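Student: Hi! Could you walk me through this one? I'd like to start with the core and then look at the sheets.

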Amino acid sequence: MSRFPVENIRNFSIIAHVDHGKSTLADRLLEMTGAIAKTERNKQVLDKLQVERERGITVKAQTASLFYMYNGQTYLLNLIDTPGHVDFSYEVSRSISACQGVLLIVDANQGIQAQTVANFYLAFEAQLTIIPVLNKIDLKNADPERVASQIEKVFDIPKEDCIRISAKLGTNVDQVLEEIVKRIPPPVARGDEPFKALVFDSTFDHYRGVVTNIALFGGQVSKGDKIMSAHAGKVYEVNEVGILRPEEQPTDRLYGGQVGYLIAGMKEVKEAQIGDTLFHQKHPVEALPGFKPAKAMVFAGMYPVDQSEYSSLRSAVDRLTLNDSSVTVQRDSSHALGAGWRLGFLGLLHMEVFNQRLEQEYNASVIMTVPTVPYKAVFSSAKLIKGHRGVQKNMVYIDDQRVMMKYLFPLNEVIVDFYDHLKSLSSGYASFDYEDAGYQPADLVKMDILLNGKPVEELAMIVHRDKAYSSGKALCERLKDCIPRQLFEIAVQAAIGSKVMARETIKAYRKNVLAKCYGGDITRKMKLLKKQAEGKKKMRRIGNIEVPKDAFISVLKRKDK
Ligand SMILES: Nc1nc2c(ncn2[C@@H]2O[C@H](COP(=O)(O)OP(=O)(O)OP(=O)(O)O)[C@@H](O)[C@H]2O)c(=O)[nH]1
């Protein structure tokens, strides 16, 4: 591609609350500019991963360059897709750092929701031009007038600035393209400065190594150039550059103001850290500010179902984390489940998506333990301090039907099923977003699970003192169902220190495998005894109690699995 005049380039993202129609609008924009053909099969082209198509959510940001004719001139519109779910706001913030403007999509029926507000602030703080787009005006209950007033009240954007569209039917989508050209400023880049590019995403390709997505803040880059990354400080030769349409389309060169991809023989994603700056080896530049690293909020243990699959699972985890650098990985091991890892995720959906990608893309079968959140323990009598469980911070009326409330909650209370409860209590109307508010003192206790008095370390957990009884009781009941009866009685107890909170009893029972065998067929008897011995291998002894591995798995696995 020859040099494209910077004045005719627009770099933008679409931001929205989940399901407000971002991917549908992206598809329409791609169709109308001829990047893709208008067929049913092309639905949600930017949602590339299988898990994204299945769940109907965007996980990874994707990029597409569109050519658009307006007033007799060709414009290059670079669309950077962003995920809408609260767990992936890290992806949103890095996508918008490559842009000068955003389309803020709001469902004309639902109005402003939690992630509309969160995403608005990400764009506002980055000083981007914000174009409000009211989508789904074709719906019977759509009330674009009310939603435009909400936007004026909450974001201080005049309601006349809202574009009213139906992404599904294509109504007024041409206006969106026009307004992108009119309202969003072109990137600032001159042709004569040294090459300087921001790495805003990177993926790992088995054959070609790391593919980086870059936004050029200045200069130009082409095949054969020797470049360096500010973070890793290594020199690479550029093998290929190009634009994304949305599939890779090699070009001779990329110029300042453009967005595209670059391949330069990097073997590991660590070498191309997201937020890093690339420049020509001979012309060092000041590094761009980069991004705050993503912070893991939810932790879970992960183990292969069968230990013989440990090494293949390890390489699957390695490769998947190359494509998702926001997952933290630490090796871990457990008596019952063998060698595994302790993984950190941005949220629960992020964890589920990671698990699903392991299964779908790497054919791995794994056991995930119950997710937990990080705690800081202070070993002193100050633990006696009463903890807060949910403190209201403020409340703002968006209009006469909607209110935005801010609370301070312990993370542990919100990660597992808070969102589902909120949705069912409000018949699906309430939406929710959260950000880290730091550590707070709380009355937490370590609860042990004992089998005939012996603690089972894998099942120990940290709980709030007020919830110790109910969680202990539930766990004892689940264990009772999972551990087979044995020759003696087993006491299953939940205890805090020496104080027992809950107890279940598993009655004694003799499993006589030979009972089915009448007659004197010795080979049959041997076979049955051998089978029983094999079964024992899958057991773990706690004291003199045999606990099947499956018992740990079913107790540790989340209830809905
Ligand atoms: N009636 C109507 N439905 C729409 C319109 N735009 C999108 N939808 C529907 O709304 C649902 C969500 O649309 P998506 O485009 O997947 O939403 P999204 O914002 O990309 O969702 P995430 O990628 O998960 O953030 C789908 O069922 C769409 O068919 C519209 O203009 N009118």
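Tutor: Happy to. This is a predicted model. Its largest nonpolar core has 77 residues, and the residues with the most contacts inside that core are Val102, Leu103, Leu104, Leu134, Ala197 and Ala215.

Student: Which strand gives the most to this core?

Tutor: That is strand E8, residues 209-218, which contributes six residues.

Student: And is there a second core? Which residues does it include?

Tutor: A separate core of 45 residues includes Ala300, Val366, Ala468 and Val492. In soluble globular proteins, nonpolar side chains tend to be buried together.

Student: Okay, sheets now. What is the order in the open sheet of six strands?

Tutor: The order is E2-E3-E1-E4-E5-E6, and the pairing is mixed. Strand E2 (63-70) and strand E6 (163-164) are the edge strands, each pairing on one side only.

Student: How many bridges join E4 to E5, and do they run parallel or antiparallel?

Tutor: Seven bridges join E4 (residues 101-107) to E5 (residues 129-135), and the two run parallel.

Student: Which strands does helix H5 lie across?

Tutor: H5, residues 144-155, lies across E4, E5 and E6. The helix runs at about 155° to E5.

Student: What about the open sheet of four strands, what's its order?

Tutor: There the order is E18-E19-E17-E20, with antiparallel pairing. Strand E18 (328-334) and strand E20 (366-368) are at the edges with a single partner strand each, so one side of each has no neighbour in the sheet. From one strand to the next, the twist averages 30°.

Student: How many bridges join E17 to E20?

Tutor: Three bridges join E17 (residues 298-304) to E20, and these strands run antiparallel. Within that pairing, Val366 in E20 is the bridge partner of Pro304. Val366 is also one of the residues in the second core.

Student: Nice link! Zooming out, how many helices and strands are in the chain?

Tutor: The chain has 13 helices and 29 strands.

Student: And what share of the residues count as buried?

Tutor: Of the 561 residues, 39% count as buried. As for contacts with a separation of 6 or more, 66% are between residues 24 or more positions apart.

Key
Residues are numbered from 1 along each chain as its sequence is written. This is a predicted model: local features need pLDDT of at least 70, side-chain atom pairs count only at pLDDT 80 or more; totals for chains, interfaces and linings use all residues. Two strands pair if DSSP finds at least two bridges between them. Two residues are in contact if their C-beta atoms, placed from the backbone, lie within 7 Å. Axes are lines fitted to C-alpha atoms, for helices over the stretch in contact, and angles run from 0 to 180 degrees between N-to-C directions. A residue is buried if 20 or more other C-beta atoms lie within 10 Å of its own, exposed if 12 or fewer, and partly exposed in between; C-beta atoms are placed from the backbone. A nonpolar core is a set of buried Ala, Val, Leu, Ile, Met, Phe, Trp, Tyr and Cys residues joined through C-beta atoms within 7 Å.
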